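Subject: Structure for you to look at

Hello,

Here is the structure I promised. Please open it and follow along with the notes below.

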Amino acid sequence: MTIDVLDLKIIHALSLDGRASFRSLAKALEVSPQTVQRRYARLRSSSSLRVLGRTYPEAVGDEQWFLRLKCAPGATDDVALALARHAETDWIHLTSGGTEIVCTTRNPEDVESALLRSLPRTPRVTSLVAQCLLHTYYGGPQNPMVDKTSPLSTRQIEQLRFPTASPAPATLTRTDQALLKVLHLDGRAENQELARAAGCSASTAHRRVTELRRHGVLYFDLDYDPRLVDRSKAVMLWASVAPRALEEAGRALAEHKEVSFATSTTGPTNLYAALTSPNSRSLHTYLTGPLAALPGLTHVETAPVTRTVKSAGTLRR
């Protein structure tokens with residue numbers, strides 16, 4: 001699909017406020033609401049653009065893990081599909097030419113992970129490495145479209161940005177949980193749809209969603225074809241950094257334009273990043289340049305993503 005500057009601005013605007021009305025978006029972008037609505041519909045149908053409601057793990061008491069699995073010959077696809085159907089999994093990628101599965105899981109901190117309990121006993125899984133995510137340096141509501149590309153002006157960014165507090169532990173009501181369940185699948189669901197799901201009025205649904213956002217519980221993320229922004233090559237990177245340099249290295253990594261997610265982890269390596277790059281040559285330039293300059297770096301492992309089976313909690317075709 002060919003896109004233009006206005007398409008990029010719409011994506012950028014939705015990264016700032018995923019629930020902004022077409023009228024608000026149009027005012028900031030200085031076009032008509034009908035133009036924004038038409039462009040948004042086209043991006044949804046042709047580039048799989050989705051606005052997704054997400055909760056901060058620390059706000060709802062969740063824990064996130066990376067699982068790296070190798071399987072018996074011929075079993076990788078079946079295992080990946082079985083994992084994708086599991087409620088705990090969020091993202092599932094096949095990497096290294098389809099020989100390895102990497103998935104992220106999320107579950108309450110005080111509840112034993114069913115996957116971590118059962119996977120070691122699965123005969124078709126020949127090896128498993130589990131790494132708990134500790135501190136996110138870049139990701140969540142932070143988006144490369146907002147921080148590292150910026151097709152919008154400073155004035156437009158300030159006009160569209162939704163004010164929110166830092167994430168903090170929160171107690172969710174049944175109404176909150178029902179609202180979040182709908183928003184997880186469609187962050188732009190209408191207030192009437194939210195009200196029906198939660199058994200409340202549309203005004204109550206609107207007010208509660210706004211409160212969850214302002215109090216640092218709910219944010220909105222975008223999922224779209226990375227080729228839209230000339231980032232067709234997705235790569236996973238694991239690195240080992242001397243503990244004394246981990247904080248400095250993590251903050252530096254977060255600034256790299258190739259990085260869409262960066263976190264410290266437990267396990268055999270202590271730093272992870274999701275990378276996107278136009279091609280292999282650009283990736284080589286990054287690995288031998290900005291990445292190699294990280295302080296305390298002792299080991300790097302990369303794995304190109306061959307196929308994505310599940311993204312942001314949704315099974316892909």
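A residue counts as buried under 20% relative accessible area, as exposed over 50%, and as partly exposed in between, with a 1.4 Å probe and protein chains only. S240 has 14% relative accessibility, so S240 is buried.

Before going on, some ground rules. This is a predicted model: local features need pLDDT of at least 70, side-chain atom pairs count only at pLDDT 80 or more, and totals for chains, interfaces and linings use all residues. Residues are numbered from 1 along each chain as its sequence is written, and side-chain values use heavy atoms, with hydrogens and water left out.

S240 sits in strand 7 (residues 233-241). Helices (H or I, at least four residues) and strands (E, at least two) are DSSP runs, numbered from the N terminus. What does S240 touch, leaving aside neighbours within four places in sequence? Its contacts (heavy atoms within 4.5 Å) are P268, T269, N270, G296, L297, T298 and H299. A293 is 53 residues from S240 in sequence, and the two C-alpha atoms are 13 Å apart.

N107 belongs to strand 4 (residues 100-108). N107 has a relative accessible area of 5%, so N107 is buried. Again leaving aside neighbours within four places in sequence, N107 contacts G61, D62, E63, W65, E88 and S113.

**Strand pairing**

Two strands pair if DSSP finds at least two bridges between them. Strand 2 (residues 62-71) and strand 5 (residues 125-138) run antiparallel, joined by 7 bridges. Look for R68, which stands opposite V129 in strand 5. Strand 5 also pairs with strand 8 (residues 259-265), in the antiparallel sense, over 4 bridges. There, L133 has T265 of strand 8 as its bridge partner.

Helix 9 (residues 174-185) packs with helix 11 (residues 202-214) at an angle of about 80°, and their axes are 11 Å apart. Axes are lines fitted to C-alpha atoms, for helices over the stretch in contact, and angles run from 0 to 180 degrees between N-to-C directions. The two helices are therefore roughly perpendicular. The cut-offs are under 35 degrees for roughly parallel, over 145 for roughly antiparallel, 65 to 115 for roughly perpendicular, and oblique for the rest.

On helix 9, D176, L179, L180 and L183 meet A205, R208, V209 and L212 of helix 11. By class, this contact has 6 nonpolar, no polar and 2 charged residues. Nonpolar covers Ala, Val, Leu, Ile, Met, Phe, Trp, Tyr, Cys and Pro; charged covers Asp, Glu, Lys and Arg; the others, Gly among them, are polar.

**Aromatic rings**

How many aromatic pairs does the structure hold? There are 5. Rings of Phe, Tyr and Trp (its six-membered ring) pair if their centres lie within 6.5 Å; planes under 30 degrees apart are stacked, over 60 edge-to-face, and the rest tilted. Y56 and Y219 form a tilted pair, 4.7 Å centre to centre with 50° between the planes. This pair links distant parts of the chain, 163 residues apart: Y56 is in the loop between strand 1 (50-55) and helix 4 (57-60), and Y219 is in strand 6 (residues 218-223). Y56 is buried at 10% relative accessibility. Y219 is buried too, at 13%. Elsewhere, ring pairs link F66, W238, F261 and Y272 into a cluster.

**A positive phi**

E30 is not a glycine, yet its phi is positive, about 60°. E30 lies in the loop between helix 2 (22-29) and helix 3 (33-47). With a relative accessible area of 61%, E30 is exposed.

Best wishes
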